[in-house]
Amino acid sequence: MHLIVAEKNISARRIAEILGEGKKITENRDAGVSTYSFGDITTVGLRGHVVEIDFEPGYGNWRSEEFTPRSLIDAKTIKVPTEKKIVTLLQKLAKKADRVTIATDFDTEGELIGKEAFELIRAVNAKVPVDRARFSAITKGELQHAFANTTELDFALAAAGEARQSIDLMWGASLTRFISLAARRGGQNILSVGRVQSPTLGMIVDREKEIEAFVPEKYWQLGLDTEKSGETIEARHTHGRFHDKAEAEGARDRTKEPLLVTDVKEGTKQDRAPSPFDTTTYIVAAARLGFSAANAMRIAEDLYMNGFISYPRTDNTVYPATLDITGILKTLQGSPFKKDVEWIQKNHRPVPTRGKKLTTDHPPIHPTGAATREQLGDDVFKIYELVLRRFLATLAPDATWKTMKILFVAGGEEYTTTGGQLVEPGWHTVYPFSEAKEVILPAFSTGEKLPVKKVTLDEKETQPPARYTQSKLIQRMEELGLGTKSTRHEVIAKLVSRKYVEGNPLRPTLVGRVVTESLEQHADTVTRPDMTQTIEAHMQLIKESKRTREDVIKESREMLHAAFDQLEANEQVIGDDIRNRTAEEMNLGKCPVCGGMLAIKHMRGNTQFIGCSHYPDCTFNIGLPMAQWGFAIRTDEVCDKHQLNFVRLVRKGARPWDIGCPLCHHISSNKESLSEIPSMTPALAENILAHHIYTVAELTRSVPEELAKRLSIPAADAARLVTEAGTMLEKLRRRSECRKFLRDRLIPRKGRSYAKIMESLKGQGITELAGLAHAEPEALKAAGIGEAEAGQVLADAKTVYYGQVLRGMGIPAVSLKKYLAAGFTSPDAFCELKPETLSERTGMSLSTVQKHVAMVCKALDKPAPKKVPKNQTEKGRKELLTIKGLTQPIAEKLILAGVTDGKSLLAADLKAIAKGTGIPEQKIRDFQTLFKKKKDIIQL
Ligand SMILES: [Zn+2]
Ligand SMILES: [Zn+2]
């Protein structure tokens, strides 16, 4: 068997489809992993890296005395499988293979992924020949060429990737651990530091400081409007910016009619067609269409995997001579851009444009297949169109502009205006994404006199440098050699997810800034780009086999040790500094009760709440959902009413949950329960809020006499309020128990909201377990719960609820278990069934059962079951079974609920029986009617 190993499942499938064209392709699934076979060939996809490097066991404990953060620098690393199922399958296939071809992506990362696969294969099959296929697009031509010309794995290239992995792990783990421990932060609150991440953050922080330090200067601009052939023409003073107001005003006042044309200059300007896309210029162009860097890369990778564009991670801006441009154009004729393609075929420039960077790994990004909007969806199609049109533009002729510059003089003051007209649109014909705009001026001649319609003097201010947008930052990172074409957008996404930066354009958060400044002060190698640049240069030397991986890692270790010398000497200062300056980031504003500072508190075990700085003197607090629902942070927005910062819950991979003003939220989420207290009037509700009582629980804790004084209400009213609050609190406890019960049982699923389910059940009067235990399946169905699930939930509810009731009546837990296991969930059964039956079905002794029956019936205030002769029971059952539609199982249920014959059926309390048996009320009423009719007939 010839095994082909691709980087991802989707590329494995595409490779099989293309290489096996015309043959039958069989997809097999083994433990959830697909393989694709045709003839003697099988393809399998990895999931990128299927192993990762980690420290040897023992380094996991952050507080270990032995393994300090610095010890991570020299710690030995191991490779651990991260995708066990794929690893197992790969090795199983490798044992059977007589040839293996590695067909992962063609770059450093792909080479390393290929080498990882190679090592896994070698571990189980020492002899199988392994070769490497390299291609830049998943298209027929590229693949056929690559598989006909396979080469060896490039171990030097893979070694560069491995060195990067080791160095990133060593820097990231040791520094993150050091800084987090120094600042006493753990769990979700750690402060991450990274080799590329920290210098990038440093740039954003530097820019913010420049903006803050910027002092705007006033300046004035002078312009005038004139008119020619009915058209208004704007001209500006040739002086440009005036920094002296008086000077500008003088020039304005001297500007008098007529406006004399002193010179007309006409010329032409060549407008070169754009050069081919590399990753960075592509990201910048996509950003203009509104795509974030990460999104643009995700879509491009998707298009690549599906064979529509070439590999999107490339530094190359020159098409290689081997690129079949004519062939590509022919393919693109099948796209919705047929007309543009044909225009290029007729009007193309002699040679395509070229950019400044020439590399040999991949061609610039270009289209490789025809796709339609229906196939791709709007967003992906937009990107496809961008890449396709850019490709066409690089083949199109340059554009030509006719330019015009007019000079005027008015009262001795000089003015000018310029115009531009596209006379040869060239590449603009096929590429509408550039910003060039035409300004067409009418014809002017020297000596011509024109009117001055208006003179305007605008006061303006110099602007601070702009914050980085994502695409600007990526360009700047590239200039500085920070990261690689594959990682830059990921680094930015990480800074955002770690809450070091926010917004677009990007600005640093307080933590981002504090961490950067601390590192800058004590170990600036970590935040300056130089260190990272040096390492990138070393990577290049490894690729060229001029240095070894071990050698480069060793040098990096030394750099890091030097940084730790400084850091460890200042540990106390760094920790205090970060802690003092970041405490502020959790402050929300004044405590409504005592005026202290309210702040978000994160405790151990995922608990978080908002508390007051005057605790324990002030116990005011606002509960927050557990941190697994989202880590609470402060936002910049402030409540108009309470002057408190808003709170947001953020969770990785989930949309943030905005709580808004915590006090508004607190008041509104307690409003309903407070209003349910019987003696609560709207006026009283206002009154307690005004006195900073927000919850039912706070009312129950109040001493009635003090409460009366505080609220200025009669003592008796206050006492009643406290008692009623106690009852309400118990009700709330039961409601929350019911919510938890449902939450534990309903599997979370997309499009299913607990809040909606609870709301619907509440609308049907079901808020507590007791209600749920007696609910109809229809009620749950109405709330959006499926039939099978509803049945299970109701059965569980009965068991749990009646279990609680029976426990409350004094049945010991052990016995209770036996009753429930035998299917006796209702306390009523104890008073209606014979103790002998209970004893027989549960296996407990008759005397024990009788004791329990006595306890339950006493609690229910019902007589213990009468002894009913057996033949009478049988007679009753037969009587019930004569009713049409009343089947054996229904009869059993009715008997269990105390309806033992026709007579007791007619006398039954419909509601109670329906609840006890789960048979709808209407159905029981029908049985009653049918039985009555029958009885009447017999009596006739
Ligand atoms: Zn307080
Ligand atoms: Zn508020």
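Where in the fold does histidine 522 lie? Histidine 522 belongs to helix 16 (residues 510–522), helices being DSSP runs of H or I of at least four residues and strands runs of E of at least two, both numbered from the N terminus. At 11% relative accessibility histidine 522 counts as buried; buried stands for under 20% relative accessible area, exposed for over 50%, and partly exposed for what falls in between, with a 1.4 Å probe and protein chains only. Leaving out residues up to four places away in sequence, histidine 522 touches Gln566, Leu567, Asn570, Val573 and Ile574, a contact being heavy atoms within 4.5 Å.

A word on the model itself. This is a predicted model, in which local features need pLDDT of at least 70 and side-chain atom pairs count only at pLDDT 80 or more, while totals for chains, interfaces and linings use all residues. Residues are numbered from 1 along each chain as its sequence is written, chains are lettered from A and ligands numbered from 1 in the order in which they are written, and side-chain values rest on heavy atoms, with hydrogens and water left out.

Another histidine, His489, sits in helix 15 (residues 488–497). Histidine 489 is buried, its relative accessible area being 7%. Its contacts, not counting residues up to four places away in sequence, are Ala293, Ala294, Met297 and Ile474. Glycine 114, in helix 3 (residues 108–124), is buried too, at 0% relative accessibility. Beyond its neighbours within four places in sequence, glycine 114 is in contact with Ile102, Thr104 and Leu153. Aspartate 154 is 40 residues from glycine 114 in sequence, and the two C-alpha atoms are 9.4 Å apart in space.

On to the cores. A nonpolar core here is a set of buried Ala, Val, Leu, Ile, Met, Phe, Trp, Tyr and Cys residues joined through side-chain atoms within 4.5 Å. The largest one has 109 residues, and the members touching the most others are Phe135, Trp171, Tyr282, Leu303, Ile309, Tyr384 and Phe391. Helix 13 (residues 378–395) supplies the largest share of this core, with eleven residues. Apart from it lies another core, of 25 residues, including Met1, Leu93, Ala97 and Ala117.

The zinc ion (ligand 1) has Cys591 (SG), Cys594 (SG), Cys612 (SG) and Cys618 (SG) as protein donors, 2.2 to 2.3 Å away; donors are N, O and S atoms within 2.8 Å of the metal (3.2 Å for Na, K and Ca), and sites may look incomplete because water is not among the atoms. The four donor atoms subtend angles of 97 to 112° around this ion, which makes the arrangement tetrahedral, a label given to four donors if all angles lie between 85 and 135 degrees. Along the sequence these donor residues are spaced C-x2-C-x17-C-x5-C. Cysteine 591 counts as buried at 4% relative accessibility, whereas cysteine 594 is partly exposed at 34%.

Distant parts of the chain are linked here: histidine 642 comes from the loop between strand 22 (631–638) and strand 23 (645–650), and cysteine 664 from helix 20, 22 residues apart. Histidine 642 is buried, with a relative accessible area of 19%, and cysteine 664 is partly exposed, with 32%. Helix 20 also bends by about 25° at serine 669, the bend being the angle between axes fitted to the seven residues ending there and the seven starting there. Among the buried residues of helix 20 are Leu663, His666, Ile667 and Asn670.

Most residues other than glycine have a negative phi, and most peptide bonds are trans. The bond from asparagine 504 to proline 505 is cis, with omega near 5°, and a cis peptide bond also joins tyrosine 615 and proline 616, where omega is about 5°. Serine 229 has a positive phi, near 50°, and is exposed at 63% relative accessible area. Serine 712 has a positive phi of about 55° and is exposed, with 65%.

Technical notes: Tetrahedral: all angles 85-135°; square planar, octahedral: opposite > 155°, others 65-115°.
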